[in-house]
Amino acid sequence: MNSIVTIYKSEKGKSLIANHYENYIQALPFPVERMYLNTSFGSTHLLAVGPTDGKPLFLLQGGNCINPMTLSWFSPLTSQYRIYAPDTIGHPGFSAETRVSAKDNSFALWLQELMNGLDIEKCGFIGTSYGAGIILRLAACMPHKIDCAVLVSPAGIRLGSKLKMIKDILLPLLLFHATSSDRYLDKLTNAMSDNTMKAIDKKIIGDIFRYVKLEQNMPKLTEKEELQHFHAPTLLITGRKDIFFPERQVNQTARAIIPNLTAIKSYEMGHFPSESDLVTINDEISLFLQTYYVTKFT
């Protein structure tokens, strides 16, 4: 009897998600190196891009997603920075499938082990959604590891309306599972992206919904007291139509809990940014990093 824990509902589904991952890697407009690092939480697969002598940036993916999709959003940064993008443990990809709690210091310890494996003492961080929530866990537990942080549509600060999420996300998801109808997948992905999700991403999200046991626990909502020793410059990017983490609530709470919140940039976007939003977002992040990223790395 096979007792191996898996996040996939079938081997067919696991293989299909792996194919999506590989195809996305092939479509990226820059070369990608791949490596594995062992941690106490399990093996971690990382993508490494950009000049080897560039300042290191950790890029943390969204939850229940695939790493190269998130990495593709920040293509302009790869010309200057050495970006390390790990497949989050317990999420789709090639890292160990063990679930790790985002309610305690587990993910902070995981990041510390990855940084040690890469011989990085501290560096800049960019995180989207669930990945931003992981950065906040690191900020709470090991603030000295973060030189500066960019939080994009972040988990871990404030949640949106539960009723709206039930209506626009949960009910269409249940109907999609029951019928496999593209009609309900369209409802889901349109609600997530304000009607701007690319066809390939919609296909991948649909297959993740079909074949992956989704991580349903959000990262812990960060408390002000947890960040009293976190003084790294932080850029917050939010969407006014983000159903999960809406701009007004997130911005208000972030101002109250993040000590060195240097800027907030909000856009008319959903949880998934559009291609045009990403152009402006990358410009904002580049300017922020040029101004605040001070770690010396040779």
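User: Quick one to start: is serine 153 buried or exposed?

Analyst: Serine 153 counts as buried, at 2% relative accessibility. Buried is under 20% relative accessible area, exposed is over 50%, and partly exposed is in between, using a 1.4 Å probe and protein chains only. Keep in mind that this is a predicted model, where local features need pLDDT of at least 70, side-chain atom pairs count only at pLDDT 80 or more, and totals for chains, interfaces and linings use all residues. Residues are numbered from 1 along each chain as its sequence is written, and side-chain values use heavy atoms, with hydrogens and water left out.

User: And what's the phi of serine 153?

Analyst: Near 45 degrees, a positive value in a residue other than glycine. Most residues other than glycine have a negative phi. Serine 153 is found in the loop between strand S6 (146–152) and helix H5 (162–179). Helices (H or I, at least four residues) and strands (E, at least two) are DSSP runs, numbered from the N terminus.

User: What about aspartate 194, where is that?

Analyst: Aspartate 194 is in the loop between helix H6 (182–193) and helix H7 (199–211). Its phi is also positive, near 55 degrees, and aspartate 194 is partly exposed, with a relative accessible area of 23%.

User: Switching to strands. Which ones pair with S2?

Analyst: Strand S1 (residues 33–39) pairs with S2 in the antiparallel sense over 7 bridges, and strand S4 (residues 82–86) pairs with S2, again antiparallel, over 4 bridges. Pairing here takes at least two DSSP bridges between the strands. A hairpin of 2 residues joins S1 to S2.

User: Which residue does methionine 35 stand opposite, and what's the partner of valine 49 in S4?

Analyst: Methionine 35 stands opposite leucine 46 in S2, while valine 49 has isoleucine 83 as its bridge partner in S4.

User: How many residues of S2 are buried?

Analyst: 6 of its 8, so strand S2 (residues 42–49) is mostly covered.

User: OK, the core. Which members touch the most others?

Analyst: Phe58 and Ile285, out of 98 residues in the largest nonpolar core. Helix H4 (residues 130–141) gives the largest share of this core, 7 residues. A nonpolar core is a set of buried Ala, Val, Leu, Ile, Met, Phe, Trp, Tyr and Cys residues joined through side-chain atoms within 4.5 Å.

User: What does isoleucine 285 contact, leaving aside neighbours within four places in sequence?

Analyst: Phe74, Leu77, Ile126, Val150, Leu235 and Ile237. Contact means heavy atoms within 4.5 Å.

User: Now pockets: what's the volume of the largest pocket?

Analyst: About 1000 Å³. A pocket is an open set of points on a 1 Å grid over the protein atoms alone, with protein on both sides within 12 Å along at least five of seven lines; a cavity is a set where a 1.4 Å probe fits but cannot get out; lining residues have an atom within 4 Å of a point. Grid points are joined across faces, edges and corners, and volume is the space filled by probe spheres set on the points.

User: Which lining residues lie nearest the centre of the largest pocket?

Analyst: Asn64, Ile169, Glu215, Met218 and Phe244, out of 37 lining residues. H5 gives the largest share of that lining, 8 residues.

User: And how many cavities of 30 Å³ or more?

Analyst: The count comes to 1, with a volume of about 80 Å³ for the largest cavity. Its lining includes Trp73, Lys198 and Glu275.
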